[in-house]
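Please look over the sequence and the structure below. A short report on selected features follows.

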Amino acid sequence: MAVSQTMTKSTAYDFEQVERTWQQRWEEQDLYRVDEDPSRPKYYCLEMFPYPSGRLHMGHVRNYSIGDVVARFKRMRGYNVLHPMGWDAFGLPAENAAIQHNIHPSKWTWENIDFMRRQLKRLGISYDWRREFASCHPDYYKWTQWLFLRFYERGLAYRKRASVNWCPNCATVLANEQVVQGRCERCDTEVTTRELEQWFFRITDYADRLLEDLDRLEGWPEKVKTMQRNWIGKSYGVEIHFPLQGRDGHLAVFTTRPDTIFGATYMVVAPEHPLVDTLIEDAPGKDEIRRFIEDVKKQDEIARTSEEGDKVGVFTGSYCINPFTGEPIPIWIGNYVLMGYGTGAIMAVPAHDQRDLDFARAYDLPVRVVIAPPEGEAPDAATMTEAYAEPGVMVNSGPFSGLPSQEGWQRIAEEIERRGMGRRRVQYRLRDWLISRQRYWGCPIPVVYCGHCGIVPVPDDELPVLLPEDVAFKPTGRSPLLDHAEFVQTTCPKCGGPAKRETDTMDTFVDSSWYFLRFADPHAADGPFGKEKADYWMPVDQYIGGVEHAILHLMYARFFQKVLADMGLSTAQEPFTNLLTQGMVLKDGAKMSKSKGNTVDADEIVAKYGADTARLFTLFTAPPERDLEWSDAGVEGASRFLNRVWRLVTELAAFLPGAAAGAQNGAAAGNGAALTEADRQMRRVIHRTVQRVTKDVEERFHFNTAISAIMELVNAFYQYKERGDAMNRAVVAEGLQKLVLLLAPFAPHLAEELWHRMGHEESVHLQPWPDFDPDVVRTEEIEIAVQINGRVRDRLVIDADASQEEMKAAALELERVRAAVEGREIVRIVAVPGRLVNIVVK
């Protein structure tokens, strides 16, 4: 058979026409609709609830493409896949737009949602759009309010006074992000603090469960679990009462190192500490001290407690007495002590705490060593620059000298309790969740205030408390709810007398703390969701989003899930079984942002190259958990590859009729007697590619190496195509079909078009994932050395004909290698087939 008779010339790949055609057909066929099906295993794949900011950038494209690959792959593996999309639609940016552009937050938000929905559909993401909702719609926030009332009934929602940022010029409360270097971002006035009555959720009641259950989350990155453990901050220590010198009362201090009490040379209290006014009462320069206090209060708490931040303070003029030594200890006010942790005061032991040592050196305060290493000499207090924070032997500690510090810890704690000077206790860094926001564009808090009855919850049958839309926004940012008489003035549901509505709205994190449950039953009218449907879908099997949400959103969602389980609304104790925190998309080495002017508009890339190219670039350039550097050349390369696939399949289309039915399972190609060595080698490449891609996607989410394997298969096909007449029809048919099926999760439009051009009628996305024949892929195994900077660190058993990319990927999976390169930059990896892999790090 001549080449001209067996191959047809390829037409150009019109990605715009192909993508538009299949997006329309998928929508008409309702291809991604999903309902509960107890006969099939379920898989719930979810990307984090997006804020409708207006336009997708390439960071969004990467996030949603990752989720879409997982959803499509699992669907082909036989799972009943839930892959929904909705909108975290309340928030401050909408109010800023209202003030700056004179557009109502509702209008701004819904227009953005419409635009971004069109963008997502243009990317071909496999969402079940029937389940779409926005948190700003009354049908959703009615149930957010309903959940608030259930929390209130259980004592988990309460009201107390708390400080807020206040701009005296705008006469309004400011969110933390509206305070720039201590000044109002709108008018540049110096920001002060005020005490207001605010609503809280009692998340601290769940601190132990939130901490302990982290051990159950084996599918979460360890770094995220560590961040949550640190945020909860469970500490075992002792509260010690230091009597004030010359006045009644004492200073209560929480310490995890009571064994160092003999080394305390000064005390530090937070600027917000209630004893401050008493302590500075007789101090010279009292006004200067007050100015220092106000300045520190304006600082961000994270910056105040950062290891790298400056430790600054001022002496109060007061002293307390060390109950073990009887010596007076000066009391300072410092920026690195927070009122929200412990008692808001610390005993400073500079020889054994680095922050204390830095502060002591800055203000020429004494340093006293009271713990020595088990072996070797004790540090020199006069010259030490690094605190000794490890366990050791107690020295300079009176009758406790010579004790191991761990034993001394217990002995001193016992003595403190015996004398009635304090007690052992457990302390948490975690604070209750302040949910009040003095903002308009948020979920109204469903309570009223009655002069006779006090705080009265709004009855369930009066929900939702609707957010009024006929409001006027002032340039100051003052919430228009405060001036909306029809909203504020109401009647008490209990006594019928006059009452006022709460004008604070809820933190938007409340909206995103239960949305994943609503997706399970988005149209439920008699509750936030039905338990049967929630129990079918929950927990989410794979959650995908940025690591910047590692603490707040993920912690709050876990808290909500546990409360709802306790209420009997859901069975799952944790909301997310597996978590993938994808890296950022960088350009010129920096995160893409409008302020830096380095964003890449997703629409422009899709218009120029197509959605499949945009998706493929973000998936191929780096593993999903790592940052991705934007590259125009990389996008061009992705486009060229898809065009090569198009040409390959369309040119070889003549091989497919007659062979298609059996080729997927290798029925025709498996007749070894009819195959030449070249045919067998081509089949080995085909089946090894299926094996590699399956493992990379299913076990590791290494989409970049999966795509690399598909690229190698395409290269092998082009080489095989050079045989012309000598090609085996069954091998070609089997290989091309497996190629298109492998490509389907990554480039869904191109795969769909090629699948139909090969003579199939049903969608490629409804096909089973291709299989591989272990007998075909089996090859001889060899052992190679794995080096780091030229030194052998481990050995690797691998197939003799493994590619360089396979060798590199396998080497990086070795436990010893992972430990050796952790935290270090990999400069390059050299793979010498059959011999070694050398990883160069610095």
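Lys587 stands opposite Ala590 in strand 27. Strand 26 (residues 585–587) and strand 27 pair in the antiparallel sense, over 2 bridges. Pairing here requires at least two bridges found by DSSP between the two strands. Strands (E, at least two residues) and helices (H or I, at least four) are DSSP runs, numbered from the N terminus. The open sheet has 3 strands in the order 27-26-28, with mixed pairing.

Residues are numbered from 1 along each chain as its sequence is written, and side-chain values use heavy atoms, without hydrogens and water.

**Confidence**

pLDDT is the predictor's confidence in each residue, from 0 to 100. The mean pLDDT of the protein is 91, and 95% of its residues reach 70 or more. Over residues 1–6 the pLDDT is below 50, and this stretch has 10 contacts beyond near neighbours in sequence. A contact means heavy atoms within 4.5 Å. Residues 658–667 also stay under 50, with 20 contacts beyond four places in sequence. Where pLDDT is low, the predicted coordinates should not be read in detail.

**Backbone features**

| Cis bond | Omega | Loop holding the proline |
|---|---|---|
| Leu463 to Pro464 | about 0° | strand 20 (454–457) to helix 14 (485–488) |
| Met538 to Pro539 | near 0° | helix 17 (531–537) to strand 24 (540–546) |

Asn396 is not a glycine, yet its phi is positive, near 50°. Asn396 lies in the loop between strand 15 (393–394) and helix 13 (405–419). Is Asn396 buried or exposed? At 52% relative accessibility, Asn396 counts as exposed. The cut-offs are under 20% relative accessible area for buried and over 50% for exposed, with partly exposed in between (1.4 Å probe, protein chains only).

Phe701 has a positive phi too, about 55°. Phe701 is found in the loop between helix 23 and helix 24 (703–721). Phe701 is buried, with a relative accessible area of 13%.

Note on methods: This is a predicted model: local features need pLDDT of at least 70, side-chain atom pairs count only at pLDDT 80 or more; totals for chains, interfaces and linings use all residues.
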